[in-house]
Amino acid sequence: MEKIMADLLRETLEELGRYAFPRFKRELSKIQPEEQYERIKLESLMGLSRAALAELLCSHYGQPYCVKVTVRVLKAMGRSTLAYALLRRLTDGANFVELYKQIVIQQASNVANVIMALLRERVLTSEQSDSIMSERTNQKRMQKLYELVPMWDVTKKYCLYKVLCATNPILTLAYTDPWEDIFYPQGPQKHTAELQCEL
């Protein structure tokens with residue numbers, strides 16, 4: 001999950017301009033995290049690129065807390081729209097995984113590649129991967145994978161969505177609604193509330 005989540009945070013940080021990105025680092029160094037985490041000192045952030053900072057956020061805070069920290073920093077900067085966009089991307093991916101469960105189970109191909117990717121991203125353990133792959137058909141493998149999904153946080157569900165986009169692009173494109181933003185303009189607030197409950 002580290003690469004997929006790091007890519008998501010990097011893409012968010014790339015929306016910050018020349019002056020906003022250094023400010024993000026300053027605000028990040030001021031954030032007082034939850035008790036089990038340590039604050040990242042400003043001197044550790046100096047000179048980091050957007051990609052390097054995204055990787056640091058993921059490795060230092062883990063998932064899903066790295067998202068919560070990023071959102072807090074963006075809001076502290078007055079960049080709430082960008083914060084909502086990050087949350088929206090996460091929850092849209094997670095919602096796809098949940099809403100189209102039966103379709104994914106019935107139609108997903110390249111399931112071995114899906115499982116291998118989830119193992120590399122540390123969404124699955126080796127034992128879980130072996131158990132899923134012991135099934136003989138793609139449908140039974142996906143069904144067994146989906147038995148784990150209710151226990152996942154939103155970042156793991158998003159990771160599955162991105163893996164499906166890479167391994168089953170026709171499937172994900174066929175069931176992604178390009179008109180959602182038009183018919184549900186309240187979307188970012190709705191999705192943000194759902195994600196904050198999970199975070």
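Student: Okay, where is Thr172 found?

Tutor: Thr172 sits in helix 12, which covers residues 169-174. Keep in mind that this is a predicted model.

Student: What makes Thr172 buried or exposed?

Tutor: Set its value against the cut-off. Buried means under 20% relative accessible area. Thr172 has 3% relative accessibility, so it counts as buried. Leaving aside neighbours within four places in sequence, its contacts are Phe96, Tyr161, Leu164 and Cys165.

Student: And how much of the protein chain counts as buried?

Tutor: Of its 199 residues, 43% do.

Student: Which elements is the protein chain built from?

Tutor: Helices: there are 14 of them, and zero strands.

Student: Why are helix 8 and helix 9 called roughly antiparallel?

Tutor: Start with the numbers. Helix 8 (residues 111-120) and helix 9 (residues 126-133) pack at an angle of about 175°, and their axes are 10 Å apart. An angle over 145 degrees counts as roughly antiparallel. Helix 8 and helix 9 are therefore roughly antiparallel to each other.

Student: Which residues make that contact?

Tutor: Helix 8 brings Ala112, Ile115 and Leu119, while helix 9 brings Ser126, Ser129, Ile132 and Met133. By class, the contact of helix 8 with helix 9 has five nonpolar, two polar and no charged residues.

Student: What about helix 1 and helix 11, at what angle do they pack?

Tutor: Helix 1 (residues 2-13) and helix 11 (residues 154-167) pack at about 95°, with axes 10 Å apart. The range from 65 to 115 degrees counts as roughly perpendicular, so helix 1 is roughly perpendicular to helix 11. Their contact involves Ile4, Met5 and Leu8 of helix 1, plus Thr155, Tyr158, Cys159, Lys162 and Val163 of helix 11. Sorted by class, the residues of this contact of helix 1 with helix 11 are six nonpolar, one polar and one charged.

Student: How do you know whether Arg122 is buried or exposed?

Tutor: Exposed means over 50% relative accessible area. Arg122 has 60%, so it is exposed.

Student: Which peptide bond is cis, and what is its omega?

Tutor: Look at the one from Gln63 to Pro64: it is cis, with omega near 5°. Most peptide bonds are trans. Pro64 lies in the loop between helix 4 (50-61) and helix 5 (65-76).

Student: Last one: which residues touch the most other members of the largest nonpolar core?

Tutor: Of the 58 residues in that core, they are Leu16, Phe24, Leu28, Leu57, Leu118, Leu145 and Leu160. Take Leu16: beyond its neighbours within four places in sequence, its contacts include Phe21, Phe24, Leu74 and Met77.

Methods. Residues numbered from 1 in each chain as written. Predicted model: local features only at pLDDT ≥ 70, side-chain atom pairs only at ≥ 80, totals over all residues. Heavy atoms only, no water. Helix = DSSP H or I, 4+ residues; strand = E, 2+ residues; numbered from the N terminus. Buried < 20%, exposed > 50% of the residue type's maximum accessible area, 1.4 Å probe, protein only. Axes fitted to C-alpha atoms, helices over the stretch in contact; angles between N-to-C directions. Parallel < 35°, antiparallel > 145°, perpendicular 65-115°, else oblique. Contact = heavy atoms within 4.5 Å. Nonpolar A, V, L, I, M, F, W, Y, C, P; charged D, E, K, R; others polar. Core = buried A, V, L, I, M, F, W, Y, C linked by side-chain atoms within 4.5 Å.
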